[in-house]
Amino acid sequence: MAFKQKLAKVSGIKATKLPSSYQIIGDVLLFKLPKLRQEQKEKIAAATMTLLPYVKTVCEIKEIKGELREPEVVKLAGGKTETVHKENDILYKIDVSQIMFSKGNLSERKRLIPQVKEGEIIIDMFAGIGYFSLGIAKFTKAKEIMAIEKNPVAYNFLTDNILLNKINNINAIQGDCKTFAMSFKDYADRVIMGYFPGTEDFLDYAIFMARNNCTIHFHNIYKIKDLWKKPLQQIEEACKKANVSYEILVKKKVKSYSPSTWHVVIDFRVIK
Ligand SMILES: C[S@@+](CC[C@H](N)C(=O)[O-])C[C@H]1O[C@@H](n2cnc3c(N)ncnc32)[C@H](O)[C@@H]1O
């Protein structure tokens with residue numbers, strides 16, 4: 001029997017009112033729920049914990065808001081919202097009520113690792129809790145990873161995660177990557193721009209920090225009708241403004257963001 005049917009049976013709520021998917025981060029389960037009364041939501045949460053005994057907390061996730069991508073999460077059953085999530089042999093300590101964790105970016109986190117060459121200097125402009133930086137530090141011979149994060153809560157988890165994974169080549173910096181960029185002209189072999197929407201506003205800063213031959217991983221979201229013309233135009237304009245040449249290496253759809261919008265990544269090489 002499918003999970004939804006089992007959940008309907010145990011909770012006593014019609015399957016048509018139940019979510020068909022969920023996300024598990026560590027031992028916390030996150031649901032997006034349709035409009036239901038609070039007591040119905042709590043019944044669903046209690047039934048979930050009966051069906052999945054390894055789940056210790058069940059939360060409803062409403063939306064991810066603002067510049068710092070903070071989630072709106074409501075606890076429905078169980079205990080702590082802080083947990084340790086393991087993915088690809090990396091441990092991520094996170095509080096899901098304060099910080100988002102996108103499982104949909106797993107392929108991207110894995111894709112970068114074989115590209116990194118020994119001795120590289122990498123700048124992760126939107127490091128979060130270490131989504132990209134930790135894997136690169138653990139599985140490559142990068143020389144140094146500058147992981148910049150503006151949100152103090154995410155930054156604290158980033159520093160905890162560096163210790164938890166016994167990493168010694170990540171330099172975690174709390175602040176705005178635009179301010180940081182000014183002191184790191186021509187510095188990096190690789191720049192990761194893992195943020196959206198509006199990532200185009202940061203292109204000038206990424207190019208400024210790139211040294212000759214640097215690869216920039218430019219993430220953003222676009223309407224289907226704007227692919228690939230709009231992002232390519234934004235890269236073209238930023239490189240022209242900085243008076244540098246460039247070469248497009250990869251154009252990739254990462255995941256569907258909404259029915260008409262894609263999260264995409266474009267890798268391009270800067271020639272200075
Ligand atoms: C959505 S998370 C993405 C993390 C990760 N790079 C990924 O793609 O999976 C984006 C992070 O960028 C941070 N952020 C937003 N604006 C920033 C800025 N100007 N400078 C540094 N960090 C910033 C947010 O606080 C958030 O933790």
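Predicted model: local features only at pLDDT ≥ 70, side-chain atom pairs only at ≥ 80, totals over all residues.
**Domains.** I looked up the domain assignment first. The chain is given domain 1 (3-80) and domain 2 (103-271). I took the C-alpha centres of the two domains and found them 32 Å apart.

**Ligand shell.** I listed what surrounds the ligand and got 20 residues, with Phe126, Gly128, Lys150, Asn151 and Gly194 the closest. By residue class I noted 9 nonpolar, 5 polar and 6 charged.

**Nonpolar core.** I then turned to the largest nonpolar core, which has 72 residues. The members touching the most others are Met125, Leu158, Val191, Met193, Ala206, Ala210 and Ile216. Domain 1 and domain 2 each supply at least three residues to this core.

I checked Met193 separately. Setting aside neighbours within four places in sequence, I found Met193 in contact with Met125, Phe126, Thr199, Phe202, Ala206, Ile216, His217, Phe218 and His219.

**Strand β10.** How many of the 6 residues of β10 (residues 188-193) are buried? I count 6 of 6 as buried. I went through the pairing next. Strand β7 (residues 121-124) runs parallel to β10 and is joined to it by 3 bridges. Across this pair, Ile123 stands opposite Val191. Strand β11 (residues 210-223) also pairs with β10 in the parallel sense, over 5 bridges. There I noted Ala210 as the bridge partner of Ala188.

Conventions:
Residues numbered from 1 in each chain as written. Near = placed C-beta within 6 Å. Nonpolar A, V, L, I, M, F, W, Y, C, P; charged D, E, K, R; others polar. Domains from an automatic or database assignment. Core = buried A, V, L, I, M, F, W, Y, C linked by C-beta atoms within 7 Å. Buried ≥ 20, exposed ≤ 12 C-beta atoms within 10 Å, placed from the backbone. Contact = placed C-beta atoms within 7 Å. Helix = DSSP H or I, 4+ residues; strand = E, 2+ residues; numbered from the N terminus. Pairing = 2+ DSSP bridges.
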